[in-house]
Amino acid sequence: MKTDIRNRKDIEKLVNTFYDIVKTDTIIGYLFNDVAQVNWQLHLPKMYAFWENILFCTANYNGSPMAVHKELHQKSTMTQEHFKHWNVLFNKTVDHLFEGPKAEEIKNRAMNISAVMMHKTLI
């Protein structure tokens, strides 16, 4: 039986599983691997803090995701399809691992963040 997202450990499980999928994804994987050349040892802890702050208001995230995405878009054009595909993968990962109010909240928050990110990055 699945549980809801309860704590940082659950956030880490979600983020690790999600990015393991993204790294090998044929549609958006290249943006992370080839274009951004993500240093996963640095990136993953930032994502843990980001999502933990989103769900549990920990105020432990310090970053500028909009600037990073705009810079990435300048290196390699991102499209609405990239953002939509990211959301599909994220939602599938959440649904595979968790169920409950926090799981639904993180999917809704991800969708909203993605929409703003897409709008501001692509204009």
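Here is a short tour of a helix crossing, some aromatic pairs and one phenylalanine in a predicted model.

Before you click: residues are numbered from 1 along each chain as its sequence is written, and side-chain values use heavy atoms, with hydrogens and water left out. Since the model is predicted, local features need pLDDT of at least 70 and side-chain atom pairs count only at pLDDT 80 or more, while totals for chains, interfaces and linings use all residues.

**Stop 1: H4 and H6**

Select residues 65-75 (helix H4) and residues 101-122 (helix H6). Helices here are DSSP runs of H or I, at least four residues, numbered from the N terminus. The axes of H4 and H6 come within 9 Å and cross at roughly 50°; axes are lines fitted to C-alpha atoms over the stretch in contact, with angles from 0 to 180 degrees between N-to-C directions. H4 and H6 are therefore oblique to each other (under 35 degrees is roughly parallel, over 145 roughly antiparallel, 65 to 115 roughly perpendicular, the rest oblique).

Now show side chains: Pro65, Met66, His69, Lys70 and His73 in H4 meet Val116, Met117, Lys120, Thr121 and Leu122 in H6. By class, that contact of H4 with H6 has five nonpolar, three polar and two charged residues. Contact means heavy atoms within 4.5 Å.

**Stop 2: the rings**

How many aromatic pairs does a search of the whole structure find? It finds 10. Rings of Phe, Tyr and Trp (its six-membered ring) pair if their centres lie within 6.5 Å; planes under 30 degrees apart count as stacked, over 60 as edge-to-face, the rest as tilted.

Pick phenylalanine 18 and phenylalanine 90: this pair is edge-to-face, 5.3 Å centre to centre, with 80° between the planes. Phenylalanine 18 is in helix H1 (residues 8-23) and phenylalanine 90 in helix H5 (residues 80-97), 72 residues apart. Phenylalanine 18 counts as buried at 1% relative accessibility, and phenylalanine 90 does at 2%. Buried means under 20% relative accessible area, with a 1.4 Å probe and protein chains only.

Next, tyrosine 19 and phenylalanine 32 are also edge-to-face, 5.8 Å centre to centre and 65° between the planes. Both are buried.

**Stop 3: phenylalanine 83**

Last, go to phenylalanine 83 in helix H5. Is phenylalanine 83 buried or exposed? It is buried, with a relative accessible area of 8%. Leaving aside neighbours within four places in sequence, its contacts are Met78, Ser114, Met117, Met118, Thr121 and Leu122.

Conventions
Helix = DSSP H or I, 4+ residues; strand = E, 2+ residues; numbered from the N terminus. Nonpolar A, V, L, I, M, F, W, Y, C, P; charged D, E, K, R; others polar. Buried < 20%, exposed > 50% of the residue type's maximum accessible area, 1.4 Å probe, protein only.
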